[in-house]
Amino acid sequence: MKTQDSATASIPIAEHPSGRGLWLAALGVLIYSFTLPATVFALEGVDPYVVGVGRSAAAGVLAAVALLSVRARPPRRDQWAGLAVAVAGVVFGFPVLSTLALDHGASSAHSAVVVGLLPAATAVFGVLRAGERPSRAFWLAGTAGAACVTGFALIRGAGRVTAADLLLFAALVAAAAGYTEGGRLTRDMPGWRVISWALILAAPITVPVTGWLLATTHPRWTGHAVLGFGYVTVFSAYLGFFAWYEGLARAGIARASQTQLAQPILTLIWSGLLLAEPIDATTALAAVAVLVCVALTQRARIGRVPTTAPGARTCSGRDRFPTGP
């Protein structure tokens, strides 16, 4: 990536890794698109707080094994604040709030409105926290995509403001903040380590709370409950971030986040197949409109103001995934 002498000059986000970054982001979106249906499965026999907190506690075990296997160095002192925001957003905020929304009666299709608005919110956080400067064309295409998804959700009956809607809105803000901080940290630390350290940082809370909840809520581990909880633990809470954070860092937070405009459509498809929720021609039309908007955001220019911190280090490509110390 080209650098300039002026610390305030706007520069293009790294051209050479951006294509791979978008593919990684798309893989993350595919993984996350199953999260809401899987959560519905888990709620068939498990308390919503066990689902929201317990998945992070269980994923923390996977994170500890991964970090120990490569004898990973602890994060630098200046990285802990960003990790704390990631913990608040993607370890506690979105999992707990979205699970509570589903438990309060929101369907998987209804909840897809959150994911539809999430890319726009993440782009805003990217401007505020990551120094990115999307062009006007980007904002127009992103706004159009968010409008398409919102209109689609309203047509499907998601327009009424309820307690579940408020929970979903809070989940949206939490996820956008956590995605942005994780993407920022992944510029300087492999994405798998970012989510691993975030889960470890949260473990002193998630592990004892999960133990207490399991002892007091008496979960029923039906086949669906095991399958759903297992998915949100292994994939939604952990492995999905391997691809997602790398995609945000390589392609730019604002640009990569727009791939998530396709997630509500995918979620609705899985909801129809797995939860027997109806799918009609409107879904296909919305999918086409959203994909067009995503394509337009990828063609729009995005700059970034260099914000390299003193003592910051960069990681080589071979250190991006857990293959060695």
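Colleague: Is L117 buried, exposed or partly exposed?

Modeller: L117 is partly exposed, since its relative accessible area is 30%. Buried means under 20% relative accessible area, exposed over 50%, and partly exposed in between (1.4 Å probe, protein chains only). Keep in mind that this is a predicted model, where local features need pLDDT of at least 70 and side-chain atom pairs count only at pLDDT 80 or more, while totals for chains, interfaces and linings use all residues. Residues are numbered from 1 along each chain as its sequence is written, and side-chain values use heavy atoms, with hydrogens and water left out.

Colleague: Okay, and where is L117?

Modeller: L117 sits in helix α5, which covers residues 108–129. Helices (H or I, at least four residues) and strands (E, at least two) are DSSP runs, numbered from the N terminus.

Colleague: Which residues does L117 touch?

Modeller: Leaving out residues up to four places away in sequence, L117 touches A146, T150 and L172. Contact here means heavy atoms within 4.5 Å. There is also Q260: L117 and Q260 are 143 residues apart in sequence, yet their C-alpha atoms are 9.1 Å apart in space.

Colleague: What about contacts across the whole chain?

Modeller: Take the contacts between residues at least 6 apart in sequence: 90% of them join residues at least 24 apart. The chain has 325 residues, and buried residues make up 55% of them. It holds 12 helices and 3 strands.

Colleague: Switching topic. How many salt bridges are there?

Modeller: The structure holds 4 salt bridges. That means a side-chain nitrogen of Lys or Arg within 4 Å of a carboxyl oxygen of Asp or Glu.

Colleague: What does E246 pair with?

Modeller: E246 forms a salt bridge with R250, at 3.3 Å from N to O. Both lie in helix α9 (residues 223–251), 4 residues apart, about one turn of the helix. E246 is buried, and R250 is buried too.

Colleague: Why does the R76 and D188 pair tie together parts that are 112 residues apart in sequence?

Modeller: Because R76 lies in the loop between α3 (48–69) and α4 (80–103), whereas D188 lies in the loop between α7 (163–186) and α8 (191–217).

Colleague: Now helix packing. At what angle do α2 and α9 pack?

Modeller: About 140 degrees, with the axes of α2 (residues 35–42) and α9 6 Å apart. Axes are lines fitted to C-alpha atoms, for helices over the stretch in contact, and angles run from 0 to 180 degrees between N-to-C directions. α2 and α9 are therefore oblique to each other. Angles under 35 degrees count as roughly parallel, over 145 as roughly antiparallel, 65 to 115 as roughly perpendicular and the rest as oblique.

Colleague: Which residues make that contact?

Modeller: From α2 they are T35, A38, T39, F41 and A42, and the α9 side includes F229, Y231 and V232. The residues of this contact divide into 8 nonpolar, 5 polar and no charged. Ala, Val, Leu, Ile, Met, Phe, Trp, Tyr, Cys and Pro count as nonpolar, Asp, Glu, Lys and Arg as charged, and the others, Gly among them, as polar.

Colleague: How do α7 and α9 cross?

Modeller: At roughly 75 degrees, with their axes coming within 8 Å. That makes α7 roughly perpendicular to α9. Among the contact residues are G178 and Y179 of α7, plus W244 and E246 of α9. This contact has 6 nonpolar, 4 polar and 1 charged.
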